[in-house]
Amino acid sequence: MSCISNGLFLLSGNLHGGSVVASYPYDDSPTHKPTGVYSKSADDEVFRYLAKAYASHHPIMRTGRPNCPGEERETFQDGITNGAQWYDVEGGMQDYNYVWANCFEITLELSCCKYPPTSELQQEWENNRDSLLAFIEQVHIGVKGFVRDAVTGAGLENATIVVAGIAHNITAGRFGDYHRLLVPGTYNVTAVVMGYTPVTRENIEVKEGAATEVDFSLQPTVILSSFNVTQFTATSAPASTITPTPAQAEVSSTTSLHQPIQPMDFRHHHFSDMEIFLRRYANEYPRITHLYSVGKSVELRELYVMEISDNPGVHEAGEPEFKYIGNMHGNEVVGRELLLNLIEYLCKNFGTDPEVTDLVQSTRIHIMPSMNPDGYEKSQEGDRGGTVGRNNSNNYDLNRNFPDQFVHVTDPLQPETLAVMTWLKTHPFVLSANLHGGSLVVNYPFDDDEQGVAIYSKSPDDAVFQQLALSYSKENTKMYQGSPCKDMYPTEYFPHGITNGAQWYNVPGGMQDWNYLHTNCFEVTIELGCVKYPKAEELPRYWEQNRRSLLQFMKQVHRGVWGFVLDAMDGRGILNATISVADINHPVTTYKDGDYWRLLVPGTYKITASARGYDPVTKTVEVGSRGGVQVNFTLSRTDIKVEEGKVPVLNTPDTSDPSEKEFETLIKDLSAENGLERLLLSSSGNVAPYRYRFYKDLSEFLRGLYLNYPHITNLTSLGQSVEFRQIWSLEISNKPNQSEPEEPKIRFVAGIHGNAPVGTELLLSLAEFLCMNYKKNAAVTKLIDRTRIVIVPSLNPDGHEIAQERDCTSKIGQTNARGKDLDTDFTSKPETKAIMENLILNKDFSLSVALDGGSLLVTYPYDNPSLTENKETLKHLASVYANNHPLMHLGQPGCPNKSDENIPGGVIRGSEWHSHVGSMKDFSVMFGHCPEITVYTSCCYFPSAGQLPGLWAEHRKSLLSMLVEVQKGVHGFVQDKSGKAISKAIIVLNEGLRVFTKEGGYFHVLLAPGLHTISAVAEGYQQKHVKVFVHHDAPSSVFIVFDTENRIFGLPRELVVTVAGASMSALVLTACIIWCVCSIKSNRHKDGFHRLRQHHDDYEDEIRMMSTGSKKSLLSHEFQDETDTEEETLYSSKH
């Protein structure tokens, strides 16, 4: 009903079965006589026209004789009928569409049989195909156009369209657009809007086919005297008409020739009003604005941010990012209104005011007017120093809710806090201010100290923070005087209007300190006035006092040093390189293009750029008082000079294949900021799960994917559970079930614990998303074409069948039907044997992702505390998943009974979290040579189905990031000098991890970004050593050519061959002599021969046992199967 009522639909068909006829409104009559009463609607002629359009193209319906069993005498003229005349139906959907929306709907009975056999579906399609298309075409008939304001030209939403002689009106859409279905004829049509003079267009001719276009222009009945034509013209000017240089901006700002347009909208904006304001400016200034939300409040209000930039929605390499946050305390409202004023000021003056234009062109500005919209709605105008509305709806102070360096904050992280923390982690903010009220001062870090008392708590960048604070206070005369609230706090004094936070009063859990300690962002807190919620008439004065301060503070983002850290070999930017300033213990890191910004006061500094796998570089830099200094660093890779001439350093080679270059570019784009967001925005179809699928439903869903997408899917059973349910495996690839050893292969597994089914639903949604977007979305298509994706959605279907929804901590269903935890005894159960023997031990996967439940983090191998190997790469893979999740990377799962749990970066080694032996991930690494991470999807094992759409929204980017990450690492090819590919060669990485080349000599291994050593070993060939640099955003390739080994057992090959030949000749001669002697005595040993044959069967049994045990002998004692129950022996014999 809500879908119908939104007014988006114009025409509809409701498909039924049980007869063959098109039925139209009304479906019932005032008398509700069971049958025979023609209940005519105002648009009866239109409905008959629509019904005939369908019936006339249907070979049975158009005859009017359905000839249904039991109703052989029933007839319908032209194959159509009035609903109530056929039989009375109260509460029908078609009548609701017509009466309560703009939509015309008819009901189509398609076949006598309601559920016909599958064999008849083809014929039903043939019967209805032309009718369906003909009916869709009717959506274009009638009259359509726009209703606009005659003065402004703006569309008039909800204008009423009246057709003379037809007692049924429709309304215009959001942009004043309307469409009224009418049969061919001549009509008088009127447009009516409250506050405007109605307009009637007479003798409008409607013809067959496309609608007649008729626009209406309505005059307002009252024109507001405050309407400023000059102002309207100015704001509508193209954004590109003026692009002054910084020099021009400086000259212009010192003259009074240009007067910027000041805000006109001074009032208190409640949430709905603020929302409309933000949407309005995003709509009117699309070239420089981008409105987005970083999350929701407790009461589900959006936490809106308005981005203002000359290239909105995109981080431009080298351009700093700035943010303002207001209304963190709901009853401190001045910041909220000033930021709305600032949005208006920047938008209206871009392109005309040099100062604003330069600022917007050189800075990516983010403005969050309200971090606590729930609290604002509870606060009251006139509040001077109260607390009503200060906290959020859970009654927590958001500025005491951030993780603190000195104090353990016990309050649970609030939705608003988590949303902002995630936001700050995903943008390279350089400078920020948090706007408050209750005093008039700029407060800078630190906000608290170890003793918890009011004392100066100095940060390493104390001088920078003082400069930043002064840049704001100097432009606000009253603030700079330092005695702001004499009537309220007569003894309070702040020299020059600034103060160290802890020296004023101690604030543990503050946002500004968290910014400084956990991101690259420098933030101060600005108290804007003594009254927290002043009267609306005072707002213009606040704008005038703070306008210059707001602009000057933003300009500080360009102070200090900035630049790029680049790779000396290929010129690429280096992500997460560290920028350190001598004697200041606060490094910052580079962003994805290698760009960085480091705020500094004027002076001379020694600045060092360093990165893993590179030699650090130090430069001496002079920072002046005007603008920033660009300082670029070019780093050389470690050990290149030392190894030069001995070990070649290989990178991704240039290739003449355009498709390879194109794919490499795609991976780089998807690895960039917002790359995956852009993929998701460009994708089609809503595949968010809304219910849990138990075994039968899951099986049907997988079968449906296979039948609908047969060219890219292959559905197989790996085996059966204890209770004989299939362990399904769905492969998605452009060539399913065909060997392509050169392609990386990724495995997704869920449901190892049956009581944690969220992972199962996420993988089913991922599978449908990939299938639905193949050949529709270019990025998804290329990923599927270049990857073999295997999805095992439910490894423990027996456990899932008995688990209970909303059981967040229950262990019911965790184990298999025999009560065994599959993740602690991996090799000995039917379910795990199925995946082990058919997938893992094939040793052809590059990455595996297992989904579980019970927390919000990622663990990486090993779960066994005695195992340690390849930690850096395994942790890197886990971090990729966590960093693409909006909350996981914050390291605060916030699970009940573990609210104080802190997991840095959201990733942890399995043995450090829940140590155990016999896990799937450890087995995958040790015997499948495949790194596996375990994702814990939510604190609740089995959350309500209503949470599934939100969980999909949180995890889908992370799941897709795994498809991108599996393309990276090192792709290699091994052959000898003759060009013969070498399969089963041993590839040793960093003198530890081992993988083997596949068919065709290919190998692929994922490694953390940086420099790595690769050794290749194959029997009969000289060992090869190479170094390869792995990028964070692109695959690297190595091409290894073996030389034939010239020494055997340390001796020259020629000598060994000569000696071996002579030895062989001697052995042959000796064998001949022995044969002759034995032949003479052969008759004497017949009895012995017969005795030997008696034991032949026992001997064969021993050989067979040794053979069948060979695979098990590969396993460590931890994974050996020591069970010998009859059932398990029987199962093993079947597979």
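I455 counts as partly exposed because its relative accessibility is 42%; partly exposed lies between buried (under 20% relative accessible area) and exposed (over 50%), with a 1.4 Å probe and protein chains only. This is a predicted model, in which local features need pLDDT of at least 70 and side-chain atom pairs count only at pLDDT 80 or more, while totals for chains, interfaces and linings use all residues. Residues are numbered from 1 along each chain as its sequence is written, and side-chain values use heavy atoms, without hydrogens and water.

I455 sits in the loop between β18 (439-444) and α13 (462-473); helices (H or I, at least four residues) and strands (E, at least two) are DSSP runs numbered from the N terminus.

By contrast, E761 counts as buried because its relative accessibility is 0%. E761 belongs to helix α22 (residues 758-773). Beyond its neighbours within four places in sequence, E761 contacts (heavy atoms within 4.5 Å) P689, R691, Y692, R693 and L948.

| Residue | Relative accessibility | Class |
|---|---|---|
| I455 | 42% | partly exposed |
| E761 | 0% | buried |

The whole structure holds 3 cavities of 30 Å³ or more. A cavity is a set of points on a 1 Å grid over the protein atoms alone where a 1.4 Å probe fits but cannot get out, and lining residues have an atom within 4 Å of a point. Two or more lining residues come from each of α26 (871-883), α28 (920-928), β40 (993-996) and β41 (1002-1005).

Technical notes
1 Å grid on protein atoms, 1.4 Å probe; cavity = no way out; pocket = protein on both sides within 12 Å on 5 of 7 lines; lining within 4 Å. Points joined across faces, edges and corners; volume = space filled by probe spheres on them.
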